[in-house]
Amino acid sequence: MFKDRFDCLSAAALLLVVAALAALLVTARPSDGRQSNGTPDRRVEQEMLAQARVAFLERHYGPVATLRDRGELQSALLKLEELDRNFPGEAHGSLLRGDILYRMGLVDRAVSSLAVAVRGNGDYLDPASPLNQRDLIAVAAEQGIPLLRDRLRGQPDDRQTAATLKDAYYLKSRLAGGCE
Amino acid sequence: MNFLATRYLLLAAVGLALLIGCDRRPPAGPTLRIGYMNCNSAEETLQRFAPLTRYLSEQVGVPFEAVPVDTQDFEQRFAAGEFTFTHTNSLLYIILKHDHDLQLLATEKRGQFGPRTAGAIVVRRDSPIKSLQELRGKRMIFGPQMAPTGYMAQYDLMLKAGLDPERDLGFSTIPQGSFKHEKLIYGVYLGAYDAAAAPVLDLETMTREGKIAADDFRILAQSEIIPYCTFGAARSADPALVEKFRKALLGLTPETTVEIGGERRKVLGSAWVDGFEPLQDRDYDPVRAMAKRTNMPPYQVY
């Protein structure tokens with residue numbers, strides 16, 4: 001088996017490597033940010049994504065919120081039109097549009113926009129999320145339902161109002177949450 | 001009947017059904033006219049509304065013809081019986097309702113406020129003018145006189161602020177030719193005028209198209225939100241026909257298409273419309289109040 005000294009040295013080195021590997025396997029622990037199966041910790045990943053999303057929204061949609069808070073509602077809507085070109089379908093645009101339309105007294109239009117926002121991102125209903133907008137969504141849905149029901153009684157073939165009423169019920173259902 | 005004969009009979013039946021199904025020729029019978037108020041130009045109006053007119057012909061079962069009409073001529077031509085159906089702005093609707101008992105059918109949806117829109121007075125973002133009061137002695141450009149959100153709404157805003165647009169402005173004008181609303185927005189943007197009477201919908205559209213930026217302008221004042229363009233029917237029209245027309249409008253979806261000029265085109269997309277809503281006549285009361293305050297038709301007093 002061992003024909004010369006070189007074979008002995010090779011065997012000894014091989015044994016040393018195997019022993020070192022065994023020791024490593026026995027003593028190794030998952031490092032921070034990694035699970036024992038070697039995949040990244042999803043909680044850390046999700047937290048990073050959430051923080052990045054909030055920073056992204058603040059950077060791009062912050063000027064809209066500033067205009068809204070200054071009472072320049074129409075300018076805020078125009079800014080949203082501009083942002084829609086760069087980020088079409090972004091739920092935060094729909095959320096802000098719903099908020100502004102609600103402040104303008106257009107409850108039905110606000111309900112439609114808020115429903116689009118919530119369908120795009122459920123965080124707006126999560127009390128633990130920095131994006132939480134439950135109060136706004138609740139008040140818009142509560143005010144919208146009787147208004148839309150009355151309108152639909154007067155115009156039963158008004159498909160737009162029927163669709164918006166469904167949106168208001170959808171928001172109410174999402175606010176209530178699922179089975180617990 | 002043998003197998004071969006049955007097969008031929010089935011093929012013939014399928015062929016006939018396909019032929020009937022594909023027959024999209026305009027319905028026969030006397031042609032009815034729809035008067036479309038010109039927006040930017042007669043040519044553009046015809047192009048925009050050709051697919052909608054074809055769709056209405058197919059749905060209502062009556063051949064319709066689209067007629068572009070100058071805003072200023074609309075009432076006279078309607079009174080002469082030139083059109084059975086009308087497509088006008090909200091001011092013309094209340095005039096035709098008041099003077100000729102026009103029936104309200106449906107209101108067009110377009111932009112952020114759906115079937116409603118507003119008028120705004122804008123200045124450049126870097127303008128020293130910060131309030132309506134500071135418009136005294138300044139140069140201002142308005143939209144056409146019969147434009148509810150390009151003229152009347154802004155006139156009303158100025159009256160409410162204690163300004164008489166005809167006496168207190170240094171200079172005021174209305175642009176000529178087509179695309180008046182865009183012209184007046186560019187007029188302020190390029191510095192030819194200090195302020196403009198801009199329809200909010202045009203600001204929205206131009207921002208969406210990238211022609212202007214939201215930060216280019218400051219909105220000095222904005223009117224209340226009033227109904228947008230409106231379909232109406234003459235009181236003399238057949239009620240069953242009117243109901244079919246109304247249902248056809250309300251039944252439109254963004255996916256509805258018609259074949260026209262060898263092309264299949266989206267009806268709403270071609271007309272730049274998001275859909276139609278059945279507003280009530282009382283929803284137009286704010287337009288009536290504005291027309292009264294600004295001494296506009298149908299309440300004009302000399």
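Which residue does B:R139 form a salt bridge with? I will come to that pair in a moment, after a word on what we are looking at.

This is a predicted model, in which local features need pLDDT of at least 70 and side-chain atom pairs count only at pLDDT 80 or more, while totals for chains, interfaces and linings use all residues. Residues are numbered from 1 along each chain as its sequence is written, chains are lettered from A and ligands numbered from 1 in the order in which they are written, and side-chain values use heavy atoms, with hydrogens and water left out.

Now to the charged pairs. Side chains of opposite charge can pair when their charged atoms come close. Here a salt bridge is a side-chain nitrogen of Lys or Arg within 4 Å of a carboxyl oxygen of Asp or Glu, and by that rule there are 36 salt bridges over all chains. The partner of B:R139 is B:D194, with the closest N and O atoms 3.0 Å apart. This pair links distant parts of the chain, since B:R139 sits in strand β7 (residues 139-141) of chain B and B:D194 in the loop between α7 (180-189) and β9 (195-199) of chain B, 55 residues apart. Helices (H or I, at least four residues) and strands (E, at least two) are DSSP runs, numbered from the N terminus.

A further pair is B:R235 with B:D101, whose closest N and O atoms are also 3.0 Å apart. B:R235 lies in the loop between β12 (230-233) and α9 (239-250) of chain B and B:D101 in the loop between α4 (90-100) and β4 (103-109) of chain B, so the pair ties together parts that are 134 residues apart in sequence. With buried meaning under 20% relative accessible area, exposed over 50% and partly exposed in between (1.4 Å probe, protein chains only), B:R235 is partly exposed at 43%, and B:D101 is partly exposed at 34%.

Let us turn to the interior. A nonpolar core is a set of buried Ala, Val, Leu, Ile, Met, Phe, Trp, Tyr and Cys residues joined through side-chain atoms within 4.5 Å. The largest such core has 55 residues, and those with the most contacts inside it are A:I137, A:L171, B:V122, B:I185 and B:L203. A second, separate core of 42 residues includes B:L102, B:Y155, B:L279 and B:M296.

Finally, a residue on the outside: A:L24 lies in helix α1 (residues 5-27) of chain A, and A:L24 is exposed, with a relative accessible area of 54%.
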